[in-house]
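Subject: A structure for you to look at

Hello,

I am handing over the structure we talked about, and I hope you enjoy looking through it. Please open it first and then read on.

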Amino acid sequence: MPRTKAIYPGSFDPITLGHLDVLQRACRLFDEVIVAVAVHTPKAPLLSLAERVELIEQVIHHHFGDVHPRVIPFDGLTVDFARSQGACAIVRGLRALSDFEFEFQLALTNRKLDSSIETVFLMPKESYSYLSSSLVKEICRLGGSIAAFVPPEVEAKLIARLRPSSSHASSSQNSQERE
Ligand code: ADP
């Protein structure tokens with residue numbers, strides 16, 4: 001039987017538990033899923049491409065073990081990347097109503113560009129259906145806890161980037177405690 005392959009494209013700036021939930025569902029449906037990290041994003045990303053890729057690799061290695069989805073950066077049209085990888089589907093996550101109109105337009109445009117590639121929408125667990133990378137960055141920037149929304153590797157990275165004084169303060173506090 002032919003193996004089914006899908007790509008899961010996005011900015012992943014940074015990967016959240018919502019992304020991870022969709023990826024786990026996609027891996028149950030397809031033989032192979034490639035996490036496709038957009039090199040260029042509509043909004044300037046907080047994290048560099050290398051940082052976004054590294055975090056995704058750490059997180060999926062942690063959750064999937066040695067046999068984990070591949071992570072590949074891509075530039076240009078999503079359908080072109082899907083075709084170049086031999087994928088038959090593009091996986092997208094669908095949150096509460098907010099995503100629908102944009103995703104509907106994107107899926108139909110991609111179908112017009114290449115009718116052989118289907119877009120498959122997956123819904124995350126309800127508790128992640130309001131979660132976005134932008135919201136997580138904003139909460140972190142304002143000093144709130146993001147532990148319930150992102151894996152620990154991502155939490156540490158965002159705190160270091162968005163609250164450098166607090167991570168410095170807590171590390172000097174920790175070293176004072178050790179002395
Ligand atoms: P993009 O910049 O292409 O919107 P994102 O990295 O924000 O990329 O998201 C990639 C995909 O994951 C999109 O289909 C988006 O709707 C989906 N997604 C993001 N956050 C969640 C979430 N909390 N639950 C389900 N899907 C999500």
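Below are some notes on the ligand and on one loop.

This is a predicted model, in which local features need pLDDT of at least 70, side-chain atom pairs count only at pLDDT 80 or more, and totals for chains, interfaces and linings use all residues. Residues are numbered from 1 along each chain as its sequence is written, and side-chain values use heavy atoms, with hydrogens and water left out.

Let's start with the ligand. Around the ligand there are 16 residues, of which Tyr8, Ser11, Phe12, Gly93 and Tyr128 come nearest; a residue is near if one of its heavy atoms lies within 4 Å. The shell is made up of seven nonpolar, five polar and four charged residues. Here Asp, Glu, Lys and Arg count as charged, Ala, Val, Leu, Ile, Met, Phe, Trp, Tyr, Cys and Pro as nonpolar, and the others, Gly among them, as polar.

In Tyr8, a side-chain N or O atom is 2.8 Å from a ligand oxygen. Arg95 has a polar side-chain atom 3.2 Å from a ligand nitrogen, and for Asp99 the distance to a ligand oxygen is 3.4 Å. Taken alone, the ligand exposes 540 Å², and the protein buries 86% of that (Shrake-Rupley method, 1.4 Å probe). β1 (5-10), α1 (17-29) and β4 (89-93) are the elements that each give two or more residues to the shell; helices (H or I, at least four residues) and strands (E, at least two) are DSSP runs, numbered from the N terminus.

Now for the loop between β1 and α1, where Phe12 is found. Phe12 has a positive phi, near 50 degrees, although it is not glycine. Further along, a cis peptide bond joins Asp13 and Pro14, with omega about 0 degrees.

What does the side chain of Asp13 meet in a salt bridge? Its partner is Lys137, at 2.8 Å from N to O.

Best wishes

How values were computed:
Polar contact = N/O pair within 3.5 Å; in protein donor to acceptor, adjacent residues only side chain to side chain. Salt bridge = Lys/Arg side-chain N within 4 Å of Asp/Glu carboxyl O.
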